[in-house]
Amino acid sequence: MTIERKRKKQRNAGRFAAALAVSLAVSSAVLSAGAFPAYAAEKIKSVKLTFETSSLDADGIPVVEGDTTSEKYSVSEVVLLEEYEEDRYDDDDDDDDDEDRTAGRWDGTGDAGSVYGMTTADPEVIARLIEKNYKNSSLLAYNQTYRSMGVLPELVYVAELEAADGYSFYVGSDSITLNGLEARYIKHERADSRKKLILYVKFAGLDSLAGTVQTAGWSSAEHGIGAWDSAGRTVSYELQLDRDGSQVIRGKTTAAVQYDFRPYMLEAGTYTYHVRPVSAGGEKGEWTDSVSCYVSAEQAAYNQNRFGLDAEPVFEGDGPPVGHIYHNVGWQQDSGGAWWYHEQDGGYIQANWLKDGGFWYYFNENGFLASDAYVSWGGETCYVDGEGKLLVNGKAPDGRIADGQGRLAWP
């Protein structure tokens, strides 16, 4: 090998070593900087949730819980819209954003939605949010109306879902399945770079829930008239009356928050009644026991004289009577011309309906027939004409149309 060729070979080897050193240095820098792309998170393309409720909050609003069987995500919370939004924005105009849900979370993606819903325990907070005209202000404003009306199926709840490690949400409205409480999807958003999914939901099934009567006592105006706290969202109340621990009557119902038990207090003794609410869906709440009430012999005699049945025994041959003919049962009219209905057990219909001769009649909480009046029942409004008959398949004086059940709606 010539000297020149030997020198050229040495120069080429030097260039290769230098290039290799540069390449290794670049590779080391890339690795240390983490520039290689990480593995992509697995996409969650559908979600399925089940909702239930078993308790009420301090305002009598159902506490809803959500659950899923998936291991790819979990339900972080289910709360009323206003509760969620109070934490989502800095409502106090302070500089502490640590507790605000918007701190680096909502990315603005997802269905915008135009369905409205709810109110808040703090009207001032909601007023500020509405004033800021932020994206859910219309939902909150609409919700204030429905909560004040106690219309639970229109209340908007927020369910927040969190993806497990290695997963991200890529779901559309058609891939969201909601079960329980007749849940209805409104809209959804994604947050935290698709690590969170925020669902807006209403629950039609909340209308079937019965509330709770907190206290039950007796009216101070009339000895023997029971009075209790409203359970809210209740169509009627079921009642039972005991004397000295033994049952006197059961199964009486009323839509009012009072009931005249005097027709059944015909003997001296200590009386206690039990009341429980019944919802529009027929669900019955827990029994609440009243405080006791003592009826003297004189009071019992007065009740017997005022409410007692005028019964004529019926005989068939020798032996005891086989029945009775009641002369003061059924439709009765007082001295002022008002109609009421005396039942065969001695009581009278109070805040309830009677079907007679193919027509429905409503008696108010004092037991008198309602006529030419609008009656609220089970969240619906009905109209009874001048004779007290329920209007069906016709037009009420205000222009609303009654269906076959008597429920009024604007045409």
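Predicted model: local features only at pLDDT ≥ 70, side-chain atom pairs only at ≥ 80, totals over all residues.
Local features were taken only at pLDDT of at least 70 and side-chain atom pairs only at pLDDT 80 or more, whereas totals for chains, interfaces and linings use all residues. Residues are numbered from 1 along each chain as its sequence is written, and side-chain values use heavy atoms, with hydrogens and water left out.

The largest nonpolar core has 29 residues. A nonpolar core is defined here as a set of buried Ala, Val, Leu, Ile, Met, Phe, Trp, Tyr and Cys residues joined through side-chain atoms within 4.5 Å; buried means under 20% relative accessible area, exposed over 50%, and partly exposed in between (1.4 Å probe, protein chains only). Within this core, the residues that touch the most other members are V47, F51, Y157, L161, L199 and F203. At least two core residues come from each of the strands β2 (47-56), β4 (73-80), β6 (156-163), β7 (167-169), β8 (176-179) and β10 (196-203). Strands (E, at least two residues) and helices (H or I, at least four) are DSSP runs, numbered from the N terminus. A second, separate core comprises 19 residues, among them L239, L241, Y271 and C293.

Three strands form an open sheet in the order β11-β12-β15, with antiparallel pairing. Two strands are taken to pair if DSSP finds at least two bridges between them. Strands β11 (216-218) and β15 (258-260) are the edge strands, each pairing on one side only. From one strand to the next the twist averages 20°, with axes fitted as lines to C-alpha atoms (for helices, over the stretch in contact) and angles running from 0 to 180 degrees between N-to-C directions. Three bridges join β11 to β12 (residues 225-228), and G217 stands opposite A227 in β12.

Helix α4 (residues 137-149) contains N143. This residue is buried, with a relative accessible area of 0%. The C-alpha atoms of N143 and E154 lie 7.6 Å apart, at a sequence separation of 11 residues.

The structure holds 13 salt bridges, each being a side-chain nitrogen of Lys or Arg within 4 Å of a carboxyl oxygen of Asp or Glu. One of them joins the side chains of R276 and E238 at 3.3 Å, N to O. R276 lies in strand β16 (residues 269-278) and E238 in strand β13 (residues 236-243), so this pair ties together parts that are 38 residues apart in sequence. R276 counts as buried at 18% relative accessibility, and E238 counts as buried at 9%.

A salt bridge also links the side chains of E267 and R243 (3.5 Å, N to O). Because E267 belongs to the loop between β15 and β16 and R243 to strand β13, the pair ties together parts that are 24 residues apart in sequence. E267 is partly exposed at 46% relative accessibility, as is R243 at 22%.

The side chains of D260 and R262 meet in a salt bridge at 2.9 Å, N to O, and both residues are buried.
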